[in-house]
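Biologist: Could you walk me through how to read a model like this one? I would like the general idea first, and then the case at hand.

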Amino acid sequence: MTKLSVNINKFATLRNARGGNLPDILKVAQDCERFGADGITVHPRPDERHIRYQDVRDLKPLVTTEFNIEGYPSKDFMDLVLEVKPHQCTLVPDPPDAITSNTGWDTVKYQSQLKEVISTLKKAGIRVSIFLNADVSKVAGAKSAGADRIELYTGPYAEEYTNARTQPQNLQLFNDYKNTAREATALGLELNAGHDLNLENLRFFKLHIPQLKEVSIGHALVADALYFGLENTIQLYKRQLID
Ligand SMILES: CC(=O)[C@@H](O)[C@H](O)COP(=O)(O)O
Ligand SMILES: NCC(=O)COP(=O)(O)O
């Protein structure tokens, strides 16, 4: 079964809208775990518009499942990750002003930066995943940089799935995902995926990329929780991930 890591950024967005502490992010994380999440993901951004650096520190002793911190490896981010020591760190090539993540690493161009950062994280005992487009030519660079996993950026998949409304298995784009996943497995890299996954597109992705270890989902899951409740929603997503 593929693990579901719930990205709690959007709960923090709601909290920050008013100041104060509603909803309580620490309780949200614990409740997500109680409701069946296999992990908690946070993606602190430099402007701290949702998850704050202090949230990440406060979450560390409370998260009993897998803790995954995502972000661009700036000095501040690296200091935070090395202090908190999550189970996994997912490196994302976002510029500081990114509205959200919208591409994976160019593992050729940024090979030496990735090598250095990954080596530092791995020395601290942190598993490293790097965010990658569905582009088979970038997988070898992830391996040679020392990553343990790649996280497939599923934004374009989600968009095509919504636009096609037919048989997504016919899409060239989806073949790129399958080939990238196959190459990762062949090189001994484990596979995660995330971005814009939702209750409509998740099952198809899981069925066609069975080696998927983990998905991290936030935006759509939080939106669904408004209608179905958090516990039901987490269970609905988990059902999509059964082998
Ligand atoms: C790497 C990735 O796809 C997610 O972390 C996503 O970008 C969530 O970030 P935001 O919640 O800031 O949109
Ligand atoms: N790594 C992807 C993630 O954590 C959540 O992305 P989204 O579901 O908020 O688009």
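This is a predicted model: local features need pLDDT of at least 70, side-chain atom pairs count only at pLDDT 80 or more; totals for chains, interfaces and linings use all residues.

Biologist: Is His 208 buried, exposed or partly exposed?

Modeller: Look at relative accessible area here: a value under 20% means buried, over 50% means exposed, and the range in between is called partly exposed. His 208 has 28%, so it counts as partly exposed.

Biologist: How far is His 208 from Leu 121?

Modeller: Compare sequence with space. The two residues are 87 residues apart along the chain, and their C-alpha atoms are separated by 31 Å.

Biologist: Now the ligand. Which residues surround ligand 2?

Modeller: Begin with the shell. Around ligand 2 we find Asn 7, Thr 41, Glu 70, Glu 151, Gly 194, His 195, Asp 196, Ser 216, Ile 217, Gly 218 and His 219. By class, this shell has 1 nonpolar, 7 polar and 3 charged residues.

Biologist: Which atoms of Glu 70 and Ser 216 lie by a nitrogen atom of ligand 2?

Modeller: For Glu 70, a polar side-chain atom lies 2.9 Å from a nitrogen atom of the ligand. For Ser 216, a side-chain N or O atom is 2.7 Å from a nitrogen atom of ligand 2. Of the 310 Å² of accessible area that ligand 2 has on its own, the protein covers 92%.

Biologist: And which pocket does ligand 2 take up?

Modeller: The largest pocket is the space taken by ligand 2.

Technical notes
Residues are numbered from 1 along each chain as its sequence is written. Chains are lettered from A and ligands numbered from 1 in the order in which they are written. Side-chain values use heavy atoms; hydrogens and water are left out. A residue is near a molecule or strand if one of its heavy atoms lies within 4 Å of it. A polar contact is a pair of N or O atoms within 3.5 Å; within protein, one must be able to donate a hydrogen and the other to accept it, and residues adjacent in sequence count only if both atoms are side-chain atoms. Accessible areas come from the Shrake-Rupley method with a 1.4 Å probe; for residues, only the protein chains shown count as cover. On a 1 Å grid over the protein atoms alone, a cavity is a set of points where a 1.4 Å probe fits but cannot get out, and a pocket is an open set with protein on both sides within 12 Å along at least five of seven lines; lining residues have an atom within 4 Å of a point. A molecule sits in a cavity or pocket if more than half of its atoms lie within 2 Å of its grid points. Ala, Val, Leu, Ile, Met, Phe, Trp, Tyr, Cys and Pro count as nonpolar, Asp, Glu, Lys and Arg as charged, and the others, Gly among them, as polar. Buried means under 20% relative accessible area, exposed over 50%, partly exposed in between (1.4 Å probe, protein chains only).
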